[in-house]
Amino acid sequence: MLSERRLSNSFLGNLVEIGIVTRDHRRAMEGLVRAGIGPWRVYTFTPDDVTEQTYRGRPAEFSLKVCFAESEDVIWEIMQPLAGPTVVNEFLERHGEGVHHLAFDCEDRPWDERIAEFERRGFRLAQSGRWRDANAFAFFETEDATTTTLETYHFPEGFTYPEPEEWFPAAPPR
């Protein structure tokens with residue numbers, strides 16, 4: 001059914017994350033904190049804690065510096081490539097730093113259904129992994145059609161962020 005707020009073929013659901021790619025995560029965090037976004041949890045994603053890593057349909061090891069800040073309705077993410085092939089590196093080479101992706105909850109559909117639905121619509125899986133054996137994430141080849149990369153991810157029921165390597169600018173009161 002078509003409405004003012006939803007197409008009949010909609011499956012993306014709610015926007016849950018805005019992802020920014022940078023060569024310097026600290027500089028990006030500093031600027032976003034000045035704009036009022038933060039505090040930031042800082043992590044390093046490596047093959048040790050991100051399993052099932054894929055790139056362009058094949059197993060591939062990669063490492064990223066990843067920073068998260070929560071606001072009322074959306075998570076902000078900063079990604080800096082460290083090693084291995086990534087869609088993040090591709091974006092930096094093609095466009096430089098900036099907003100890289102938008103992530104959606106895909107109406108909380110089962111994970112395999114999400115992947116299949118993107119692919120059914122002609123958007124191939126570009127990169128994926130599973131952080132801490134809990135948080136599955138997948139980026140799709142949507143830039144040519146939409147001008148940006150679309151992502152979906154799933155935090156299982158009861159997921160809590162692990163203690164970060166650092167908080168920026170400082171840890172919130174507990």
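Let's start with one contact. The side chains of Glu77 and His101 are joined by a polar contact of 3.0 Å. A polar contact is a pair of N or O atoms within 3.5 Å; within protein, one must be able to donate a hydrogen and the other to accept it, and residues adjacent in sequence count only if both atoms are side-chain atoms.

A word on the model. It is predicted: local features need pLDDT of at least 70, side-chain atom pairs count only at pLDDT 80 or more, and totals for chains, interfaces and linings use all residues. Residues are numbered from 1 along each chain as its sequence is written, and side-chain values use heavy atoms, with hydrogens and water left out.

Back to Glu77. It lies in strand β6, residues 75-83. Strands are DSSP runs of E, at least two residues; helices are runs of H or I, at least four, and both are numbered from the N terminus. Is Glu77 buried or exposed? Buried, meaning under 20% relative accessible area with a 1.4 Å probe, protein chains only. Lys and Arg count as positive, Asp and Glu as negative; His and the chain ends are not counted.

Now the sheet. It is open, with eleven strands and mixed pairing, in the order β4-β3-β8-β9-β10-β7-β1-β6-β5-β2-β11. Two strands pair if DSSP finds at least two bridges between them. β4 and β11 stand at the edges with a single partner strand each, so one side of each has no neighbour in the sheet. Strands β3 and β8 run antiparallel, joined by four bridges.

Technical notes:
Buried < 20%, exposed > 50% of the residue type's maximum accessible area, 1.4 Å probe, protein only. Salt bridge = Lys/Arg side-chain N within 4 Å of Asp/Glu carboxyl O.
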